[in-house]
Amino acid sequence: MKVTLENIDLKYGDSYAVRGVNAEIEDGQSLVLLGKSGCGKTTTMRCIAGLETPARGRITIGDQVVFDSQKNINVPSHKRNVGMVFQSYAVWPHRTIFENVAFPLQMKKVGKKEITQRVDEALVMVGLDGFQNRGASLLSGGQMQRVALARSLVMRPSVLLLDEPLSNLDARLRDRLRIELRALQQKLNLTCVYVTHDQGEALALGDRIALMQHGRLAQVGTPNDIYENPASATIADFLGVSNIFPVHKNGHPGVYRLADHRLELSTAEYSLDGNAIAACIRPEDVIVTTQRAAGDANSWSGKVKVASYQGAEVRYLIELDDGPSIEALVSRRDCPAAGTGDQVWVNASPSDIQILPAEVA
Amino acid sequence: MSALTTKRPRGTEMSAQPAPQPGGPAGKDYGRHFGRQLRKSLPTWFMLVLLAVLILMPMGLILFSAFSSSTPRPGAIGLGGLTLENFKVLTSPQSVKALGNSVIVATASSVLAMLIGAALAFLAARTNIWGKAVIYFIGISPMFLPSLVGALAWSLLAGPATGYLNLVTRAVGLGNLFNIYSMPGLILVLALYYAPYAFLLIHGAMTLMNPDLEEAASVHGGSLGKILRTVTFPLVTPALLGSGVLIFALTMENFPVAQMIGTPGQIETLPTFIYRLMNAAPARGNEAAAVAVVLTVLLIAVTAFQQRVVMKRNFTTVSGKGMKPRMMDIGRLRGVGLAFALVYFALAIVLPVIALLLASLQSSPYVSKLGELFQKDSLSFWSLFQTLQDSAFLYAARNSVLVSVSVAVLGTALAFYLSYLVYRTKVPGRKSLEFVAMLPLAIPAIVMGLGLLWTWLILPVPVYGTILVLIIAFIAIYLPQGYRGISASILQVDKDLEDSAVLLGSTRARAVAYVTLPLMKTGVLSTILLLLMLAMRELSAALFLFTSNTRLLAIVVFDDYDNGALRSAASTSLLYILIILVLVVVAKSFGARSSNGGK
């Protein structure tokens with residue numbers, strides 16, 4: 001069901017944990033709350049669940065207003081029909097898997113036969129069929145996550161909340177479950193809210209991403225939007241853009257000078273001016289060659305400080321002559337034959353350099 | 001349980017308010033805000049009233065009496081006779097002496113108890129000594145012997161003329177060597193029965209120590225002795241200091257040993273001084289209160305220091321990750337260590353139990369020569385059987401069991417409710433609740449008993465003189481222990497586990513019953529067991545509260561001793577220990593069964 005958050009404020013003592021958050025999640029869509037720890041993303045999610053009480057604002061799930069500070073409405077958690085997969089999974093270790101998954105149906109006073117049938121269905125859906133009578137304390141992390149998911153799915157929630165659902169799993173399992181989760185969400189047409197600090201996870205799971213900073217929504221958009229056009233340098237940094245250099249405007253349109261070094265950048269035309277601006281270059285857009293490429297606007301010489309082989313790619317850290325260190329991510333195929341200490345040329349196309357404000361205004 | 005839920009009925013807001021100002025939205029907002037605040041803080045207020053009656057009121061009355069010319073009586077409590085007269089008693093030579101004795105006895109006995117406890121803990125936790133399980137058992141076994149019984153046994157063993165040890169030394173021609181009614185005697189008995197506290201705390205710290213820290217020292221070239229000095233002992237320093245201060249406070253406020261060992265030897269301490277003032281005719285309650293205030297202030301200072309030390313414990317690199325601490329090879333010292341443990345066991349348990357047995361079996365009340373004990377018919381079970389059939393004993397045993405079981409169950413329930421409020425809710429004022437609940441730690445049991453006496457005398461409910469007042473008193477003084485046990489356990493259960501049940505459609509109360517409580521089972525059971533033991537042993541808090549109808553086993557032993565009926569005191573003591581053991585075994589097997597039944 002559609003979920004709406006309007007002007008949510010939440011305070012811990014005197015400081016705001018969440019401030020003026022507005023968000024809409026369309027029926028069957030997924031929204032990812034992305035941000036560093038302490039940015040208010042989990043708190044925002046817990047407000048939807050009713051585990052935190054905002055100081056101000058309104059939350060609607062479907063047609064039901066579940067929280068409204070003005071009208072003094074606060075539907076208790078157990079009446080909101082919200083499913084939630086906790087970061088710790090919160091699978092009850094003293095119960096069997098069946099008992100865990102059947103619990104929400106028992107609370108709804110569903111008949112015994114139907115409970116068995118629906119629990120079985122849910123377990124099939126998450127790939128745990130046949131585990132019904134296992135004790136939940138003997139499960140692996142991945143299995144626990146599936147139990148937690150089944151337990152929430154079985155109640156046919158109006159909205160499913162997932163708090164860092166993949167962070168406790170090892171890297172390979174994480175990649176697989178990421179795809180499974182996305183497929184399940186789309187198949188069941190579930191309205192989902194994810195919380196994560198991992199940008200890769202956010203890009204893969206969300207129909208839309210809401211980037212949070214200091215309790216506020218800094219940028220909301222589709223994964224593509226956010227990745228291609230971050231609203232600020234700190235957001236770009238968070239999304240994995242590792243080359244961020246403070247710059248000043250040079251006077252000529254499309255030319256910026258590095259604040260800390262005697263280097264100039266040719267860029268597309270930006271109207272941005274002032275002190276708090278930065279040039280952002282994705283490491284995968286940096287081209288490394290052993291010979292100088294002719295005619296390029298941004299071409300600098302430098303020395304390889306670190307070359308780190310990562311399988312499909314090689315990551316370089318190159319110290320530019322008279323300039324900063326710059327990171328480059330080069331595909332295995334295009335990799336120049338250069339190791340630590342070698343002299344190389346670094347190029348970046350003007351269209352790949354973004355000039356952004358340091359922070360969202 | 002309804003106070004536990006965060007349920008908020010819709011639409012009842014406005015009607016629940018006393019006077020919502022009509023008109024302006026600002027006024028309406030204020031009213032609503034006020035109503036919400038009030039409802040939110042309701043559980044806190046309820047608990048605060050409970051704690052006020054349990055803890056704050058007794059303390060207040062002590063303080064009040066210390067500055068008043070009359071003690072609280074029903075309908076006679078006013079601010080009329082405020083005076084500083086009562087504190088004159090503090091300048092008397094007796095009270096200066098009592099204060100000095102208290103400090104000396106507490107210091108010396110806690111140092112001795114620490115040495116014993118630390119040595120045993122080190123042997124049991126970290127060395128390759130033979131029979132570690134036995135050493136562990138020796139370390140904790142004196143816990144099952146109330147210090148009251150230990151004191152009685154030692155006065156039987158080493159009383160100046162008729163003590164059994166003196167009979168032995170006289171028989172071999174050495175004369176009377178022992179006099180327990182002396183400063184060293186008092187210190188020894190206290191140290192023997194408080195060493196287990198040091199043992200438990202230090203043993204815990206030593207087993208949880210990360211072996212990497214010592215291995216690192218070893219890799220970097222430290223010898224065994226050097227490692228012990230520079231790594232091991234510094235790491236357990238917080239536990240050492242913490243238990244040292246705890247034992248200092250406990251021995252300082254100990255009444256039974258001071259009364260039974262110290263008083264015959266004319267060594268008065270602050271607790272016995274309070275008791276004597278209260279038992280004077282007419283009772284000098286106001287002066288007793290003045291002394292109580294001084295003793296309490298001393299203990300608050302000491303406990304505050306201990307709390308700070310315990311807080312520091314969090315910074316030590318002790319973690320519970322199921323790792324095995326390194327066992328040190330102490331070579332030939334193993335024999336010395338074992339001998340040390342056995343000597344302690346003999347002094348704390350074996351000799352006292354033999355003394356109690358002899359005293360309850362001997363048919364003539366006085367034995368002046370060792371040989372008399374071995375004459376025909378000199379020993380019989382008559383007295384023990386007599387005690388077993390004695391209605392006063394049976395009545396007291398019933399009372400003791402009733403009181404301690406009630407205290408264990410109700411005290412644990414109260415501690416759970418309190419811990420839940422503090423750690424699982426955001427009710428305003430929860431930190432102050434915690435503070436009040438921990439206060440009895442710093443209040444001597446005898447003082448608390450005095451305060452509770454006055455509290456229930458003036459409260460218009462017919463509780464004074466019933467067994468209920470004893471239950472209330474014991475719950476009050478052991479609330480800190482119960483609260484700590486339950487809090488540690490509630491903190492180990494992830495809050496998400498309970499929240500998820502609520503999200504899946506259960507009420508808060510049901511989620512607690514379905515998830516939180518079952519997961520806390522071990523912690524809850526061990527807290528019940530702890531309170532059961534403590535309540536079973538308690539004497540001091542009951543001293544001013546019992547009546548002839550509500551005598552406990554501890555009271556019977558104490559009275560018999562006071563009246564010189566040593567044989568009866570000894571037989572009651574033996575049966576008393578037996579009942580404690582049975583209760584512990586029953587409670588433990590009950591706990592084991594129910595945790596196996598869970599799955």
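The legends below describe close-up views of a predicted model. Local features need pLDDT of at least 70 and side-chain atom pairs count only at pLDDT 80 or more, whereas totals for chains, interfaces and linings use all residues. Residues are numbered from 1 along each chain as its sequence is written, chains are lettered from A in the order in which they are written, and side-chain values use heavy atoms, with hydrogens and water left out.

**View 1. Packing of helices α11 and α17 in chain B.** Helix α11 (residues 270-279) and helix α17 (residues 445-458) of chain B have axes that come within 10 Å and cross at roughly 30 degrees, the axes being lines fitted to C-alpha atoms over the stretch in contact and the angles running from 0 to 180 degrees between N-to-C directions. Helices here are DSSP runs of H or I with at least four residues and strands are runs of E with at least two, numbered from the N terminus. The two helices α11(B) and α17(B) are therefore roughly parallel to each other, a term for angles under 35 degrees. On the α11(B) side the contact (heavy atoms within 4.5 Å) is made by B:Pro271, B:Ile274, B:Tyr275 and B:Met278, and on the α17(B) side by B:Ile446, B:Val447, B:Leu450 and B:Leu453. By class, this contact has eight nonpolar, no polar and no charged residues, where Ala, Val, Leu, Ile, Met, Phe, Trp, Tyr, Cys and Pro count as nonpolar, Asp, Glu, Lys and Arg as charged, and the others, Gly among them, as polar.

**View 2. The mostly covered helix α1 of chain A.** Eight of the nine residues of α1(A) (residues 41-49) are buried, that is, under 20% relative accessible area, with exposed meaning over 50% and partly exposed in between (1.4 Å probe, protein chains only). Among the buried residues are A:Lys41, A:Arg46 and A:Ile48. Just after the helix, A:Gly50 takes a positive phi of about 85 degrees.

**View 3. Salt bridges within chain A, including A:Asp68 with A:Arg58.** A salt bridge is a side-chain nitrogen of Lys or Arg within 4 Å of a carboxyl oxygen of Asp or Glu, and the structure holds 22 of them over all chains. The side chains of A:Asp68 and A:Arg58 meet at 3.9 Å, N to O, and this pair joins strand β5 (residues 64-68) to strand β4 (residues 56-61), ten residues apart. A:Asp68 counts as buried at 5% relative accessibility, while A:Arg58, at 28%, is partly exposed. In a further salt bridge, the closest N and O atoms of A:Glu180 and A:Arg146 are 3.5 Å apart; A:Glu180 lies in helix α5 (residues 171-188) and A:Arg146 in helix α4 (residues 141-153), so the pair ties together parts that are 34 residues apart in sequence.

**View 4. A salt-bridge network with residues of chains A and B.** A:Arg46, A:Glu52, B:Arg424, B:Lys426, B:Lys495, B:Glu498, B:Asp499 and B:Arg508 are linked in this network.

**View 5. An open sheet of five strands in chain A.** The strands follow the order β14-β13-β12-β15-β21 with antiparallel pairing, two strands being paired if DSSP finds at least two bridges between them. Strands β14 (264-266) and β21 (353-357) stand at the edges, each with a single partner strand, so one side of each is left without a neighbour in the sheet. The twist averages 45 degrees from one strand to the next. Strand β15 (residues 277-281) pairs with β21(A) over five bridges, and A:Ala278 stands opposite A:Leu356 in β21(A).

Notes. Angles under 35 degrees count as roughly parallel, over 145 as roughly antiparallel, 65 to 115 as roughly perpendicular and the rest as oblique.
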